[in-house]
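The entries follow in the order I worked.

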Amino acid sequence: MTRVVLKLGGRVATAAARQAVELHDAGNEVVVVHGAGPQITANLHERGIPVRFRGGRRVTDPATLAVVRASLVAVGAEVSAALGPTALPLIGDEIGLRARHLPELGLVGEPLPCRPAAVEDALAAGRIPIVTPIAVGPLNVNADEAATALAVGLEADRIAFVSDVPGVYVEGAVVDRLQADHAHELLDAGAFEGGIVPKLLAAVRAARLGIRTEIGETAVVA
């Protein structure tokens with residue numbers, strides 16, 4: 001049986017949930033990790049709370065964290081509803097998702113590999129765990145990094161990052177294959193900015209650890 005971590009971006013989380021069902025129905029163990037970036041930003045703007053990013057991570061004070069958590073939980077509930085009774089929503093800081101605190105960014109953490117018992121129990125019961133990426137603390141964590149940390153801890157065979165773009169663009173075109181070393185060269189050269197930076201770093205890490213890794217149509221290989 002193949003174990004798959006499916007990371008769904010906030011813009012497509014509910015619409016793309018069907019992919020989890022298809023993978024599950026094909027006989028795979030599926031863990032969904034979702035983001036909520038656009039929803040968080042919109043909710044912060046509504047409340048007049050400044051939106052700041054550094055290196056693709058959201059600078060997070062207590063007021064921001066409250067909005068982050070509420071937004072993520074809401075998206076997790078929407079994804080679970082879209083999947084139906086097979087889904088089991090799980091909130092990261094309640095099931096032991098761990099992270100190394102990055103105090104220079106506020107209440108932000110760098111996810112650490114872990115194997116939550118709640119996720120393993122859900123898989124054993126034939127369910128699809130829907131993991132909301134908040135770490136113990138609580139700490140705000142990047143959802144792409146959280147997905148890779150879970151994939152490593154759960155010894156997943158595959159991780160797929162699904163977003164509103166078809167893959168990784170290099171020189172204006174989506175590439176079907178990207179070597180990890182070349183990806184790092186492009187990152188170091190400043191070829192990418194914004195949310196793709198932590199996503200690509202997370203994908204490179206997973207690929208180098210032997211996990212089959214895809215960002216949309218782009219296979220990231222060690």
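This is a predicted model: local features need pLDDT of at least 70, side-chain atom pairs count only at pLDDT 80 or more; totals for chains, interfaces and linings use all residues.

How much space lies in the largest cavity? I read about 50 Å³. I also looked up the count, and the structure holds one cavity of 30 Å³ or more.

Next I listed the lining of this cavity. Leu97, Arg98, Pro111, Leu112 and Cys114 are in it, together with Ala135, Val141, Ala146, Ala149 and Leu150. By class I noted nine nonpolar residues, no polar ones and one charged. Helix α6 supplies the largest share, three residues.

**Entry 1: the largest pocket.** I moved on to the open spaces. The largest pocket has about 860 Å³ of space. I found 38 residues in its lining, and the closest to the centre are Lys7, Gly37, Asn142, Asp144 and Gly195.

Which element gives the most to this lining? I found that α2 does, with four residues. Elements with at least two residues each in the lining include α2 (37–46), α3 (62–83), α6 (143–153) and α8. On the strand side I noted β4 (57–58) and β10 (139–141), again with at least two each. The lining divides into 18 nonpolar, twelve polar and eight charged residues.

**Entry 2: the second largest pocket.** I read a volume of about 190 Å³ here. The lining runs through Gly55, Arg57, Glu110, Pro111, Leu112 and Pro113, then Glu145, Thr148, Pro198, Leu201, Ala202 and Arg205. The elements with two or more residues in it are β7 (108–111), α6 and α8. I gave α8 its own note, as the largest share, four residues, comes from there.

I cross-checked two names. Pro111 and Leu112 line this pocket, and Pro111 and Leu112 also line the largest cavity.

**Entry 3: α7 with α8.** I turned to helix pairs, starting with α8 and its partner. Helix α7 (180–188) and helix α8 (196–208) pack at about 155 degrees, with axes 10 Å apart. That makes α7 roughly antiparallel to α8, because angles over 145 degrees count that way. The crossing of α7 past α8 is left-handed.

I then looked up who touches whom. From α7 come Ala180, Asp181, Ala183, His184 and Leu187, and they meet Val197, Leu200, Leu201, Val204 and Arg208 of α8. This contact has seven nonpolar residues, one polar and two charged. Leu201 is in this contact, and Leu201 also lines the second largest pocket.

**Entry 4: α2 with α3.** These two helices pack at about 135 degrees, with axes 9 Å apart. That makes α2 oblique to α3. I noted a right-handed crossing of α2 past α3.

On the α2 side I listed Gln39, Ile40, Asn43 and Leu44. They meet Thr64, Val67, Val68, Ser71, Leu72 and Val75 in α3.

**Entry 5: α1 with α3.** Where does α1 meet α3? I found Ala17, Ala20 and Val21 of α1 against Val79, Ala82 and Leu83 of α3. The contact has six nonpolar residues, no polar ones and no charged ones.

For the geometry, I read that the axes of α1 (17–25) and α3 come within 9 Å and cross at roughly 50 degrees. That makes α1 oblique to α3. The crossing of α1 past α3 is right-handed.

**Entry 6: backbone.** Most residues other than glycine have a negative phi, and most peptide bonds are trans.

I noted a cis peptide bond from glycine 137 to proline 138, with omega near -5 degrees. Proline 138 is in the loop between β9 (134–135) and β10.

I also noted glutamate 155, a residue other than glycine with a positive phi, near 55 degrees. Glutamate 155 sits in the loop between α6 and β11 (158–162).

Definitions and conventions
Residues are numbered from 1 along each chain as its sequence is written. Side-chain values use heavy atoms; hydrogens and water are left out. Axes are lines fitted to C-alpha atoms, for helices over the stretch in contact, and angles run from 0 to 180 degrees between N-to-C directions. Angles under 35 degrees count as roughly parallel, over 145 as roughly antiparallel, 65 to 115 as roughly perpendicular and the rest as oblique. A crossing is left-handed if the near helix is turned anticlockwise from the far one by less than a right angle, and right-handed if clockwise. Contact means heavy atoms within 4.5 Å. Ala, Val, Leu, Ile, Met, Phe, Trp, Tyr, Cys and Pro count as nonpolar, Asp, Glu, Lys and Arg as charged, and the others, Gly among them, as polar. On a 1 Å grid over the protein atoms alone, a cavity is a set of points where a 1.4 Å probe fits but cannot get out, and a pocket is an open set with protein on both sides within 12 Å along at least five of seven lines; lining residues have an atom within 4 Å of a point. Grid points are joined across faces, edges and corners, and a volume is the space filled by probe spheres set on the points.
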